[in-house]
Every structure is written in C-alpha cells, then in structure tokens.
Amino acid sequence: MTDHPMLALEHVGLRIGGARILHDVSLEVRTGEMLGVIGPNGAGKTTLFNVISGVMKPTEGVVALDGRDVTGEPIHRRAAAGLGRTFQTSSLFPALSVLENVRLAAQAHAGGATSVLRMPRRTDAATEAAFAALAEVGLADRADAEASGLAHGEKRKVEIAMLIAMNPKVVLLDEPMAGVASGDVPAITEVIRGLHRGGRTVLMVEHHMDVVLGLVDRVAVMHHGELLAADTPEAVMANPLVQSAYLGEAV
Amino acid sequence: GGDAGSTDPGEPVKVAMLTSQTGPLAAYGAAYTAGFEAGLDYATDGTGTVDGRELDIEWGDDQGNPDTAVSKAKDFIGQGYQILAGTAASGIALALAEQAEQNKILYISGPAAADAITGVNDYTFRSGRQTYQDVATAGTFIGDPEGKKVVVFAQDNAFGQGNLAGVQAVLGGQGATVEGVLVAEDATEFTPFAQQLIGAAPDLVFVAWAGASSGAMWTALSQQGVFEAVPVVTGLGDVATYGAYGDASSDISFLNHYFGGAAGTDVEAAMIEHLEAAGAEPDLFSPDGFVAAQMIVQAVREGGDTVDGMIEALEGWTFDSVKGEITVRAEDHAVIQPMFQAKLVKAGDSWAPELVDTIDAETVAPPVAGE
Amino acid sequence: MSTLLLLVITGLGLGALYFLVASGLSLIYGLMGVLNFAHGSFLTISAFLGWEVGRRVSDGTWWGLAISALVGIAVGAIVAALTEYLLIRRLYERHIEQALVTVGLSLATVALFEGIWGTDPIYTEKPDWLGQTTEILGAKIPNDRFLLIACALLVLGGIVLFLRRTRYGLIIRAGVENRSMVTALGIDVRRSFTLVFAIGGAAAGLGGVLASVYYGYVSAHLGSTLLIFAFIVTVIGGLGSLTGAAIASVLVAVLQQFANFYLGGTGDLVVVVALAAVLLVRPRGLMGKVA
Amino acid sequence: MSEPILVVDRLAGRIAGQQVVEDVSFEVPATGVTALLGRNGVGKTSTIKSILGLIDRTGEVRLAGTRIDRLPTHRIVQRGVGYVPEDREVFGALTVAENLRLAERDARPRRELVEQLFPDLVQRRAQRAGTLSGGQQQMVSLARALVNENRILLVDEPTKGLAPKLVDEVAAALAAAAKTVPILLVEQNLHVIRKLADRVVVLSGGRVVFTGAATELLDDEDRIRRYLGVHDAADAVENTGTLEETR
Amino acid sequence: MHSPDTDTDTPTTDAAASASTTAPTARAAAGAKGRAAASAPRMKRTLIGGLALVVLLAVLPLLAIDIPGVLPGPTYTPGTLQLLAYAMLIAALSLSYRMMFGLAGLLSFGHALFFAAGAYGLGMTLEAFAPVAWPSELVFVVSILVSLAFGLVLAATVGALALRVTGISFAMVTLAFAQAGSVIIRRNPGGATGGDEGLSLDIANVPGALVGVLNTRNLYWVALGVLVFVYLVVLWVEKSRAGHVAEATRENELRVRVIGIRPYTVKLLIFIVASVLAAVAGMGYLLLQSGASPRVATADFTLTLLVIVVLGGVGYRWGAIVGGIVYTLLDQRLTALAGSDFIAGLPAVLRVPLSEPLFILGTLFILVVLFLPGGIAGIPQRIRSGRTQHPVEAEEATDA
Ligand SMILES: Nc1ncnc2c1ncn2[C@@H]1O[C@H](COP(=O)(O)OP(=O)(O)OP(=O)(O)O)[C@@H](O)[C@H]1O
Ligand SMILES: Nc1ncnc2c1ncn2[C@@H]1O[C@H](COP(=O)(O)OP(=O)(O)OP(=O)(O)O)[C@@H](O)[C@H]1O
Ligand SMILES: [Mg+2]
Ligand SMILES: [Mg+2]
C-alpha cells in the first residue's frame, strides 16, 4: 500500500506577533490510525488543527497530506483533497436547515458543488448521502429543523454528520464531547468509532480522558506549543509530566 | 392605441406644462409658472381662451429628474396633448425635445440654457435665452476684444463647458485669446484657483457658476484680491442669489437675462402688475414663462389644429414681450431678444440690481445653429 | 511656493471640516457598528437651527457665532440621542437594519428641510475677521480655516479623552460584540449607547455650524455633500479609529486639493481611487484594528 | 435552614416566541452549591437566563426576599448576582485586562484573588480575549464573576472544555467560593457535581422533575439513569474518574 | 401578486428556532430551505399561478383597467404603460440586487454602476455604430451583444477586485468604483456620455416598433420580457447548487472553506450574474426612456435599490418585484398627492412635510424596517403566523 504516512508534520512552528504558539512540531500519522491529542488549555492543540487544515499558515515547517506537501495550499483545496474537521465550538450554517448543512458538505465532495447548472434535488446523490449521514448520527428526524435552534448536543452531531457526508480520508475532531451530556457520550463515542471503522485516519482533541483512552491507538501530548510525546496511551499516562501538567491531582 | 392625435376645432386645446415643483430647481419652476400665468392672462386678455377656445392647461412636476419628466411627457402625449412646454434643466429639455420629435408634437422648452436645444429638431422651440447670448452680452463689456486675454472661470460641467465654448466662439472669434480655468463641480475650495486667475493676468475674467458653491467661490476671489487685479463679469442669477456675491457684489459687472424692472416696457409693467396681484415677484425666469404663454397662444391662434401649422405660425414670428421685441428665428428657433448689463447696489441690508445698459437683440444673436 | 502652501493649508482646513463630520461618524461606527447615513442630517439641522438662533441674537458677530455653535452642538446631541432612542435602539445587533433606518431618516429629513427652508442655499453672515486673510510666507490664508483646524483639534482631543478616561468606550465596544453579556455584568448598556450617539451628534452639530461658516451658506443638502467624504475618510482611516480618521481627513483633503488643482479637477476621482486602493491593500484601513 | 437566597416560582421562559422553560420552581439555599442538572436541551441554560432576565420570562423570582423578576438584567446583577455564561461569552475584541475591568462592579474589586486563581491570565493581560484558547477564555469568564462580592453565583457549565487538571482547579475554586457565597451550578461532569453539590434540582422538558439532597440522586443508580440518561451509574462515575485507575 | 400558499408543513419548533434577533433579514431568506423540494402539486400550483400572472401582465395593454389614485389612467394608455414598464425595469434591477444582497449577503453600494453600464453602454454603442452601413436590425443586435460583453467584463473586473475584501470594506470598494463611474459619466469624456445632460438615444438603428409614444405598448412588453428573463435567471441561480453555496457563504464563510469549497468563486459568480442582469435592465431603461441620465450611476440610486429590496422584503424573491413596483408607483403618486389641493389646504405643520414625497417615502421606509422586518412580502406570512416579533420563515418555495 502506501509507503508514506497519511499526515506528516515536519518541524512546524507558528509565531503570532512575538508569541510562540507552536514550536518544532513533528508528527506522523499512519493511514487508518486514530490519534488522541491532549494537553493543558492553551497548549496549542486547536492551533495545531488550524495549521493542518489551513486555517492558519505555519511560519516554519511543512505539512504533508497523503504524501503531498500542502503547506501553501488554501483551506478548501485541502478539504477537497480529503481533510475534514470540526470546530471546538460548533460552527454550522445557522440559518440553513440541518439537511442543507449536511448536503452542502456532501455536494462539496461530489464535485460540481458550485455549478449553476445543477439543481439540488430530494433524490440526488448528495441528498441521499446527507440523509444517510444524518441517520448515522441519529438526527434523521431533525433534517428539516433550522440549525440555529438545535440543542448543544445536536449541533455536535450535525458537525459529525457533515464529516461523514464529506467522506474525508483524514478527520480532525476538536473536543467533540465538550458540553455533551453524560448520557449522550456513549452514543457520540459510537459515531466516532464508526467514522474510524471506515478506515479513516482520525485525530481527536479531547479532554474526556475515558473517551480518548477508550478509542485511540496513540496519544500525542502538547505542552506550551511543543509536542512532548506521541505514544501508546499507557505510556503517555505514565509520563510524570503529563500527570503533573495535564491530569493534575485526582479530584 | 387611444385617440391621440385628433383635436376637434371648438374643443378645448390641451396644453401640458412640465416644470420642477419639487427638487433642486423648484425655485426656477415657481418663477416660470408665475410668469406663464401672467403671460397667459396678458395674451388672452384675461379670458384664458383663444378665439373662444378654452386652453386646458395641465401642470406636471418633473422633480428635476429626466426619468420622471420623460414618463410624464409620454403620459401627456399618450393622452393626446400636442403642446408641451417647460423645464429649467437642459438635460430634461433635451430629453423632451427627443420625445417631441419622436412623437411629432410641439415642444417649447423653459429656462434651460443649453445652446444644443436651439435647432435640435423641427418640433422644439425655446422661450428663454441661451448660453451664447449670455456670453455675447459679456463680450460687449470689454469693447474691442481683439488682442485681449479672457479667462473663463467655470465649473467643469455642461453649463461651465458650454460657457467656455461660448466664450471661445464669441470672443475668440473676435480675436481674443480665451483660456479656461475649469473647476471640478464638487470642489469646495477655490482659494488656489483664485490665485491661478491672478497669475494668468487676463484682461477679463468671465465667471460661469451655478449652484450653492458660488458664495464660497466669490469669497475666495475677493479674499485673494482678484477684483483689484482684473475686471470680473458674470451672469446675475435669480433674486435668491443676490446675497451670494457678498462683499464682491459691487466689484462685479453683471450680464443679465432679466431682473424685475430691467426692461421698462409696457408689457413688463403688465407682467409685474399681474405677478404682484398673484403674490409673486418678478425674477430671472419670469419672462421665460411669459413668452412661453405668448408663443402657445400664437400657435393655437394661427396654427390651427396641426402641429405643422403651429410650427409654421411660430417660425419667424416677431412680437412684443417683457424684454422688448422678440423674434423666433425661423431657421433654428433661436429666440432673438435683448439682454441687459447690471450692477448690484446695497439697499439696506441686502443687495439690489440696477440697470447699466440694454444690449440690442441683434448684437447678441447667436449664429444659426447647424451652419 | 505660495500656491503649494495655500494648497496645503486650505487642504488642512478642509480636512478639519471632514474630520468634524467624520469624528462622530467614526465614533458611532467604531463603537456601535452603526453606519449612520443620517449623520448628515444631524449636521444640517444643527446648522439651520444654529443659524436661526445666532442671527436673531447677533448676526455676523463672534457672539452670534458662539451662540450658533452652542445651539448647534445642543441640537446635534439631542437629535442624535432621540434617533438612537427611538429608532436605533429597537434594532440592536442588527447592523444592516440600523443603517437602513438611518437611510430612511436621511431621505425623510432632507425632504423635510427642503420643505421648511426651501431648496436654495441661504447665505449667512460671519464675523469680519473670519472673512479676512492672514498672510503666511506670501500665501493669503482665509482666517476661517484656522478656526476649523482649531475646533477639529479640540474635538479630537475631547473624544480621545472621553474614551481614555471613562469606561464608556469599553462598555460600548463590549456591548456591540455581545450586548446581553454586558448587561449580565450589571451595566446599563443602553444609556451608554445613547450617550455615544449624543456625542457623535454634538460633534456633527459643531461641524454643521462651522460648515456654514466655511461654505458661507446653509442648505438642506449641506450634510449630504459632506457625508460622503466623511464616510471615505472614516473608512480609509480605519473604522473606529479616531486618529486614523483624523490622519485620513488631512490626507484626503490635501490630496483632493492637489488633484483638483494640478490634475484637471480630478480630486473626487483620485479620492475614490485612493479609497479602493487603500482597502485593497489594507482592508481595515490605515489604522484599523485587526478584527 | 435559614431563608433561601433565591426562590424561583412557576418560572416560564420564551425564546423567539417558543416556550423553552415551561414551569420551573425551586429554591437555592443561602449556603452551599445547588446543582441544576438535566440532559442536553432540557432548559438549564434557559432557566438561568430567565432568572437574569436575559430572555422573556413570566413567574416569580425572589432574591433574598425581594422580587427581581420585573427588573432589567443590569439591575438584577447589581444586586449581587454573578454570572458565568455557558459559552464563555468573553468579549473577543477586548483584551483580557479590559474584560476584567469591565466586570468590576465593586469599589474594591478582588483582583488578587483572581490573579491567584488564574495566573495564566496575568501573563496574558494584553492579549485579545478572542485569541485565547478555549480553556483560557473559560478562566476569563469565571474571573469576571469572582472579581466582585456577590450574594449568589449562577454558573453554567464552568468545566466545559477544560483539561482535567484545570477541572480540578476550577472545582476547587468554586468550592472555595462556595464557602462565602451560594452557587447555582449547571454541570455535566458528574464527578464535579459529586464533589461540590449539596443539593440538586433536575430538569426535564422544561420542568423540575426532582429536587433533593445531592446524595439522594447520586447514590441512586436508577434515578441517575432516569434523569440524566446515564445507563450505568458506575459507568458515569467512571466516565470522569478513569484517571485514578489508569494511573 | 399571488399570495403564498396558506398551508405550511413547518414544525413549530423549527419555526420558532429560526427567529433569532441577530439576522432577521438573512434568516427570512433562508427559511424553508429544508423544505426546498416542495411537494410536486404545490410547485405546479405556483407555476400555474406565476404563468397566469405573466399572461395577465402581457394582455394588460389590451385591457382598460383603471385604478384611480394608483395608475395615472386606464391600462392601455401610454402614460400608464410607461409607468408600469418603468416599474418593471426597476423591479428587475431590484431582483438582481436582491440576489446579491439577500442571497449571498454581499452588501454592494455600487450596483447602479452596472445598470448605468447597460444603459450607457448600449447608448454609446448605438451611436458609435450609427454610421456603419449594416442593416439596422443587425446593428441593433450587435450593439446589444457588445454592451452585454462590456457589462460582463466590467462586472468581472470590479467583482474580482472588490471581492478580495469583505463586509463594509466590500461595500466601500464597490462604492468607490461606482463613484468613479459616476464621475466619469458626468465628466462627459470626448462627448461620449453627454455629461450632466444625459445621453439621448440615437434611434437611427433602433427598430421603429420601439420608438415613439404610440409604441409604448411594445416597450412595455420589452420591459415585461426583461423582468421575466431576470426572474427566471435569478430563480435558476438561486435554486442551483451555486445558489445554495452562496447562501451558506453568507452564513459562515470559514465553514464553507472547510468543507472544501472556495467561497470567492461562488461570490464572484453571483456578483457577475447579478451585474449582467442589472446591465440588461439598464438596456431596457435606455430604450424606454429614449436616453439615460447620470442619476442612474449615483450611489443614491443604489441606496434606492436597497430601500426597494428592504421595502419589498429581503427574504423573498417576489419581494424585490413588489418593492420595485410599489416604490415606483409611490414615488410618482406621492408627487401627485403633494401637489393636490387637499394638501395645499392643510395647516403648515402638516402641509410642509406632506408636500414632500421623499419625506413620506422615507418615513414609510423607517416604519417598514422597524415594524415589518419581513417587508411587504412578509405581510401574509405574519398575518398567518400571527406573530408580531420577527419574520419567521419565508415560504420561499411557494413562489417558485
Ligand atoms: N494572536 C495571539 N496572540 C498571542 N497568543 C495567541 C494568539 N492566538 C493564540 N494565542 C495563544 O496560543 C495558544 C494556543 O491556543 P489553542 O487554541 O491552540 O489552545 P488549545 O490547546 O486548543 O487549548 P484548549 O484546550 O483550551 O482549547 C493559547 O495560549 C493562546 O492564548
Ligand atoms: N436561540 C434559540 N432559538 C430557539 N430555540 C432555542 C434557542 N436556544 C435554545 N433553544 C432551545 O431551547 C431548549 C432549551 O435550551 P437550553 O440551552 O436551555 O438547554 P440546556 O439544558 O442548557 O442544554 P445543554 O445541556 O445542551 O446546554 C432547547 O430545546 C433548545 O433547542
Ligand atoms: Mg482548543
Ligand atoms: Mg446549556
């Protein structure tokens, strides 16, 4: 198969003004791997995702996706190449319906997304893909609701449905469980597992350690903009620095 | 469809008047309207009828907006009106002239000054003076123009450009060197241009200015000492603008189309009497309305019921009017009329015009358009 | 040489006038996000009422001018506060609608002014000294330009102090971003909003009276002619940056003077081209804050 | 028990014409932490916003005996109500320092307390709050409420998005604060609730379905499953408590 | 105008949720997208309704319907036809503006530029071609094509530059271009534009059927044709995938990028289509008015469009049409009212404001923004839902 990692960062650094936000981050993620990213607040996890997805441009280093250098590419080109992400606080098209939100994602992937000559229909492939994605996250009955009126947990699910509809090769999840009621955590965990099962490469920032540990193959630890370690969950958990800087004392 | 085009003798004659009742030129519209009513009264001996036929006069507001004017004109024409008159804006007058030609009706434009209206087509007449006549009047102030240097200080718009072209044609043709200092219409600062005028050291500065900025412009000329350096001539506007010249008032020679009392004719006296009875004052464009009324009455009286007949009745017609004897030149419908030279004198707190000279109609007659 | 100097100093004077209008506009836009198309009307009504009162008290004297200015400032503040209270407040956080309401207001008020005071400009008197000139290096500078520059500096300083020394600037910037959270911190944000409008209106009112000195007339269109330049300098300077607006006012006015004089009266064209160029190079204007 | 600090009686709230809080009545005692619980979308946030007058509401709310349900929000807050909103709601265009300064209501704000609790913010005083990380924004939001003396704190999901270590710290901070001021706390993290809450109020479908001592709910697997949808109480505890095991 | 269907399949939760305080206009536009694929019978009904309306409008010149106070005369008279034709062209222009502003959220202050480009472009081309010895029909058609191409190139250039910035900067850059255009037109370079006095139509190569008051009827049909054409193009674009992406871009541009679409392309596309449609309306205007005046290139004219679109209802396509027609009629009729004896007889406090048409229009507009956020087109919806706060969801699908 492929001899290169699905996603590779080489010596990535980012400065804003005088502040060093990311420093010398190198990381390789294999195809089909699920990687957890943890670290204290402000460690640079979201920034890392921003750099990978193109929302921010690194000031140093190289980002390669599926063996291709994408450092200079705009966001949409990377997305079209199979990179999907969610945001730490839900980011939807608030005035559009749930279905429309997801269908746009599906349509973007299907090509001809911005064609004036083609009409979206109830029966076209993009709509079907959107319905399928909604069914997968259990929101099929909310398809016609307007996104802005959804409860918090539902918004998180729509974000994931959009990812499914995009059918990306690499998925970046930024705190998918934040604000999700305890009762819903298992369901969303399942959905994420489903995302991964399709052979996708998944990177996930999450502070719910049980979720992280239950899902991922490897854990990367960020601290002060640097990547401290990327190792098995057991090894990372045993790291004293992780314990003192991130986990803290047992409550 | 409709029944446009047929007019039964004996039925009222429908006359459409389009002028600004609102918008930036509303004041001109008011003066024109008052003048028209006085003229109609005069020409019909107070009956409002011509040879027993009723004149059915309908007024419309052009709002100073060509689109509105064209719409209204089309509405009138569609209703069978064959006589249309009025408007102070040259742009509107030209648009209406176009309508007149397309639809073969008679159009007598109002105070609009553009030379282009003269001779634009067979169907279009005018009731006022044109830019050329203004300029030619100014030309008479400096004696023999041969070898003199004249600078035209004007706004860079149709009015200003027209004046510059006029001066070039009139005084340039008589041997003067003519230069233009054209200022962007929206400019608000005239001090440097005043400097430029002095720098050019001309024998005469001809100022062609309209609109609100004239006050600031005159102040700038006066502050920079243009009046001490050069004689300055300009057109005297309507009563509302007498205050605009400020301290410069007494230093300017004014060419003038008309002000109340300038002509001293019997017709003028009749007009003023009528205006005052109606609570109005004679003003710059009162004669334009007055003349329009006279022309319409003439057209109806002599022209019968066809537009061609009316045109024929007007072409070459000479008559007595407010400003004196007036001729509608047959070739291009130019209105050959006397013009005035005036000055402003202090009258209490405000300024009042005083006649300096009357310039003979032939002296300032424009060349025949299109020749 | 003296022409250059004349162009620069009269440019400064014109820039001062632009700034007097732009300061309120920039304050209101920068703090509240309201693109206030009615600002010109605030200016016009202040100029009219200032003139009406001033000439009755003492026409063409310093005393009369001072009265006019005070009346203008008061009228501007009151009208602006009323506008905020009656119209803008109901539409909070809906910036497009707020701008639209002010468009409607400017349409209606200009028509109303025309109805009341007519369409022709009404020429005004001013103290003699203002009509005279002072010679600087051979250039005869009209004295009223100095008055304009002085007032513009005062207004700039005053507003900067207001923003620095009081919490209002903070409250309003926060309130624009998230109004309900500001109230949830125990702050009556509505009062602050009205106050800012009033201050902007007061600056416009002063600008109106001074504009009537500069132009030598009052008319229903006094405000609308100045407004477009005020918008341009506000945007070039960087939305919400008062010093930016001040710098841009001067740059635009001087540029306009030079282009009008040396480039065949292309001042307006040059200014709009400059606007487009600045925004394309620096979308947030010269001194705009990073959004 | 002394008189409750906050009494909510038949409170109903609407957003854009739609009823989101149906009929909610409960009391917050003058000491300790009262937790307001429920699944996503049951109306916890809306209840708090109704109390503050941030959304249209009807019903009766009394703070220390006086009705506050007719007052505008800023007056309610001025009476000593601190609020930590659900989504942080920091002013992104303002700096950290400006955010805090804006929140200072008292003549002598408790700056040292805040600085001591969140040293990270001291470092970032001049940074615009919009560029802070999610967790840092949460700290600003908490700091804004703690900087004043309050009679009650309304805190909506303060640990959302915080790293485990910080969750502990915030919990500790709230526990410390609770010694002097009563808190109405919305929280999803059962572990935090277990540690802090004295009493619980459970909402479902815009109504109160359970009120009682914290232990009454948390020790009852059946109730937890019923009210919070957690299928296995042990699992729920584990959810947040895995750390001890793993270590 | 037909009213939207009265049945609604909207779940209540959805309805209420959509009414946020932040962006009611935009919100109203989005509304029923979830229900985009409305049921077939309903679409058929609206299709028939729309067709019937067009047919009615088309036969209007053959009928003698008189609505005193609204129309200046019976519908067959040139005056009325002229007014209606003018109103329809303004409606077409507003429709194109709405596509940009309401759909894609692009607040342009320079739309007038493209209307003027159409009007002046055609006028100047006709004049330039006047001496050419081709058959006059050919010259006419070629002139139209040349002006369209001119509009297209202009739109692409301005759009490509202006869309590099967003928000208020975009508005100002478009304003700058439009101002530049306006200044150039008024400057009358080489005598090409006629300056302040406007450009008059050179009728040498204009088909005789489009010249003269007696042919106003034909011009009316041309205007109707332009309106229907613009409507269909706008409908098509809005319903297309690109239209949906444009809508999404208005809502959340970063999100659009992240799902793999470049917003710039879509915005540029919408900008160009809207601008070219404006140019088409501009050509109709030139023919109808037998000329063009510099007024149509001013920022004020764009502001008027904004007023029209909001008056009609940003959330509704037919709102722009209703707005355009209502505005034009009001503008004309209020002038008539202002000059009426009734007004003249009032005391000064009432007479002065009421005799200013723009005062009444401005006030009316303020009231609409304050109290009718859905605009005129939103009234049926409000009556039906009985709500007083904000427009909830626009039944976009029903007027398709
Ligand atoms: N413009 C800026 N200037 C200074 N510092 C910045 C700027 N933008 C971001 N930062 C800092 O960069 C760091 C990284 O932020 P990031 O959002 O990536 O953290 P995170 O790991 O995702 O944290 P969390 O878990 O709280 O979401 C933070 O400390 C933030 O304050
Ligand atoms: N702006 C809004 N417009 C319409 N409905 C809303 C809005 N905000 C919230 N709702 C609805 O109100 C209900 C209660 O929401 P609320 O935010 O109070 O729930 P919550 O218990 O705090 O949930 P969560 O645990 O997800 O924060 C939900 O059904 C939600 O869909
Ligand atoms: Mg983060
Ligand atoms: Mg909540």
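This is a predicted model: local features need pLDDT of at least 70, side-chain atom pairs count only at pLDDT 80 or more; totals for chains, interfaces and linings use all residues.

Biologist: Which side chains are joined to that of Arg145(C) by polar contacts?

Modeller: The side chain of Glu189(B) makes a polar contact of 2.6 Å with that of Arg145(C). A further polar contact, of 3.5 Å, joins the side chains of Arg145(C) and Thr191(B).

Biologist: Is Arg145(C) buried or exposed?

Modeller: The term buried is applied to a relative accessible area under 20%. Arg145(C) has a relative accessible area of 6%, and is therefore buried.

Biologist: How should I read the relations between whole chains, and which two share the most contacts?

Modeller: One looks for pairs of chains in contact, and then asks how far apart the others lie. Here 7 pairs of chains are in contact, and chains A and E share the most contacts among them. Chains A and B do not touch, and their nearest C-alpha atoms are 35 Å apart. Chains A and C do not touch either, with 12 Å between their nearest C-alpha atoms.

Biologist: Let us turn to the metal sites. Which protein atoms are the donors of the magnesium ion that is ligand 3?

Modeller: The donors are OG1 of Thr46(A) and OE1 of Gln88(A), at 1.9 to 2.2 Å from the ion. This pair links distant parts of chain A: Thr46(A) sits in helix α1 (residues 45-53), whereas Gln88(A) sits in the loop between β6 (83-85) and α3 (98-110), 42 residues apart.

Biologist: What coordinates the magnesium ion that is ligand 4?

Modeller: That ion is coordinated by OG1 of Thr45(D) and, through two entries for OE, by Glu86(D), at 1.8 to 2.6 Å. Again, distant parts of a chain are linked: Thr45(D) is in helix α1 (residues 44-52) of chain D, and Glu86(D) is in the loop between β6 (81-84) and α3 (96-103), 41 residues apart. Thr45(D) and Glu86(D) are both buried.

Biologist: How does one read the shell around a ligand, and where does ligand 1 lie?

Modeller: One asks which chains flank the ligand, which residues come nearest and which atoms approach it. Ligand 1 lies between chains A and D. Of the 22 residues around ligand 1, the nearest are Asn41(A), Lys45(A), Thr46(A), Thr47(A) and Gly135(D). An oxygen atom of ligand 1 is 2.7 Å from a backbone N or O atom of Lys45(A). A polar side-chain atom of Thr46(A) is 2.6 Å from an oxygen atom of ligand 1, and an N or O atom in the side chain of Thr47(A) is 2.4 Å from an oxygen atom of this ligand. On its own ligand 1 exposes 650 Å², of which the protein buries 89%.

Biologist: Between which chains does ligand 2 lie, and which residues are closest to it?

Modeller: Ligand 2 lies between chains A, D and E. It is surrounded by 18 residues, the closest being Gly149(A), Gly41(D), Thr45(D), Ser46(D) and Glu86(D). α1(D) gives the most to this shell, with 3 residues. An oxygen atom of ligand 2 is 3.0 Å from an N or O atom in the side chain of Asn40(D), and an oxygen atom of the ligand is 2.9 Å from a polar backbone atom of Gly43(D). A polar side-chain atom of Thr45(D) lies 2.6 Å from an oxygen atom of ligand 2. Of the 630 Å² of accessible area that ligand 2 has on its own, the protein covers 81%. The shell around ligand 2 divides into 6 nonpolar, 8 polar and 4 charged residues.

Terms used:
Residues are numbered from 1 along each chain as its sequence is written. Chains are lettered from A and ligands numbered from 1 in the order in which they are written. Side-chain values use heavy atoms; hydrogens and water are left out. Donors are N, O and S atoms within 2.8 Å of the metal (3.2 Å for Na, K and Ca); water is not among the atoms, so sites may look incomplete. Helices (H or I, at least four residues) and strands (E, at least two) are DSSP runs, numbered from the N terminus. Buried means under 20% relative accessible area, exposed over 50%, partly exposed in between (1.4 Å probe, protein chains only). Contact means heavy atoms within 4.5 Å. A residue is near a molecule or strand if one of its heavy atoms lies within 4 Å of it. A polar contact is a pair of N or O atoms within 3.5 Å; within protein, one must be able to donate a hydrogen and the other to accept it, and residues adjacent in sequence count only if both atoms are side-chain atoms. Accessible areas come from the Shrake-Rupley method with a 1.4 Å probe; for residues, only the protein chains shown count as cover. Ala, Val, Leu, Ile, Met, Phe, Trp, Tyr, Cys and Pro count as nonpolar, Asp, Glu, Lys and Arg as charged, and the others, Gly among them, as polar.
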